[in-house]
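Here is a short briefing on one protein chain.

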Amino acid sequence: MASMLLTSLRSSPLTSVQAAQFAARSLSTSVHLRAQAKSKKTLAKPGVKNIVLVDGVRTPFLQSGTTYADLMPHDLARAALQGLLNRTGLPKDAVDYIVYGTVIQEVKTSNVAREAALGAGFSDKTPAHTVTMACISSNQAMTTGVGLIAAGQCDAIVAGGVEFMSDVPIRHSRKMRKTMLSLNKAKTLGARLSLLGSIRLAHLSPELPAVAEFSTAETMGHSADRLAAAFGVSRLEQDEFALRSHTLAKKAQDSGLLSDVVSFKVPGRDIVSKDNGIRPATMEQLAKLKPAFIKPHGTVTAANSSFLTDGASAVLIMSEEKALAMGYKPKAYLRDFVYVSQDPKDQLLLGPTYATPKVLEKSGLTMNDIDVFEFHEAFAGQIMANLKAMESDWFAQTYMGRKTKVGAPPMEKFNTWGGSLSLGHPFAATGCRLVTTVAHRLQKEGGQYGLVAACAAGGQGHAMVIEAYPQ
């Protein structure tokens, strides 16, 4: 696949010269977008409940090993849930169900949704369960909530996600675990001494978690590097996109646009009120970094990859009828969504390419109808590869069974408040950030339709159409 893609897509219209213009173009388009007259049809369907996003919040996203280092995942999740309660004034017993996502589970709180909900003060009569779907875990939490409301089972759902990379589970080796379990069952001193005598130095080597595919044993960064090479994405293009992400995130942060962030008083430490991974650099500084995965000739570096992040998010989803009855003014309608999956080896990170045309067709929309795009930025190379795949008739025909390409999003509508590369990527919390950001951007820019898309481990992906609530 790699050689075929490289030959066919090297002439993609997304050149490094254009990439260098991304930030400048994006920074100057909000007035133009607000000036556009919107007279598009609504996506409401007869006989189908309108489901709305009332509000969404998140803790500041921090680099792992920093201010949150001494906490536990449920502490962050609790903070996000409490922030949502404070933001919305929601009575704690008004929620019918809570769904929360997480990827790397803390063994002490395997159902982190329930523990965080109890800690946040929700009624102990409110059920809660935890979902996992890699980087689209909170997307799955939200759509699970949408399904419960659509089915008439619930009217008010809290969904969210949390990831805590500062303290991930590190296991003993399997041989050591077996020995320890056997020791626990041994009934005589002799049996215990025999087991202790069987321990070898190699048994003490721990099993460290890795962001790698179980089915292929390949790390995601290595896969991203191969994907970038397959689509002819240069190191320069990746560094330019990474710089764009940090530049736009810094501008959004300084302008007060990241209003979903709620301050959090970390026990024993200061109040945290903003993300700490936003660091615009220069192209010269980025160029000095060495490849992080495929050495020495790879193009994926620490700077053009998303970093390990601690953080949590939460959203309040309701039927429109319930929201209005409670006096809320919703931010957006949650409309059609899809999940996709493909080859986890050579197409691990192409979820947005596969999901976007499917959700547009389901909604009866085209790329031109979308005013706001928010794609998850796992790696700059992954984003650029997806954009090139979306611009390729050959890829659409050869791999997707489609007659024509779907087309790449215009960069002036794409991730204009930064993305996962700069804001951070707590695996299970990013989905809610994407959806809330789309809702806020639609309000700010006067758009009607937004599209969220993300890739995930396992070769999976997700996309959702969001419609602005009438102002």
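Strand β10 (residues 372-375) pairs with strand β11 (residues 449-456) in the parallel sense, over 4 bridges. Strands pair here if DSSP finds at least two bridges between them. The model is predicted: local features need pLDDT of at least 70, side-chain atom pairs count only at pLDDT 80 or more, and totals for chains, interfaces and linings use all residues. Residues are numbered from 1 along each chain as its sequence is written, and side-chain values use heavy atoms, without hydrogens and water.

**Strand β10**
- Val372 has Gly450 of β11 as its bridge partner.
- Val372 and Glu374 point one way from β10, while Phe373 and Phe375 point the other way.
- In a regular strand, side chains alternate between the two faces of the sheet.
- All four of these β10 residues are buried (under 20% relative accessible area, 1.4 Å probe, protein chains only).

**Whole chain**
- The protein chain holds 18 helices and 12 strands (DSSP runs: H or I of at least four residues, E of at least two).
- Buried residues make up 55% of the 471.
- The radius of gyration, taken over C-alpha atoms, is 23 Å, which agrees with the value near 23 Å for a compact globule of 471 residues. The globule rule is 2.2 Å times the number of residues to the power 0.38.
- Along its principal axes, the C-alpha trace spans about 85 × 55 × 45 Å.
- Among contacts (heavy atoms within 4.5 Å) between residues at least 6 apart in sequence, 81% join residues at least 24 apart.

Definitions and conventions. Buried means under 20% relative accessible area, exposed over 50%, partly exposed in between (1.4 Å probe, protein chains only).
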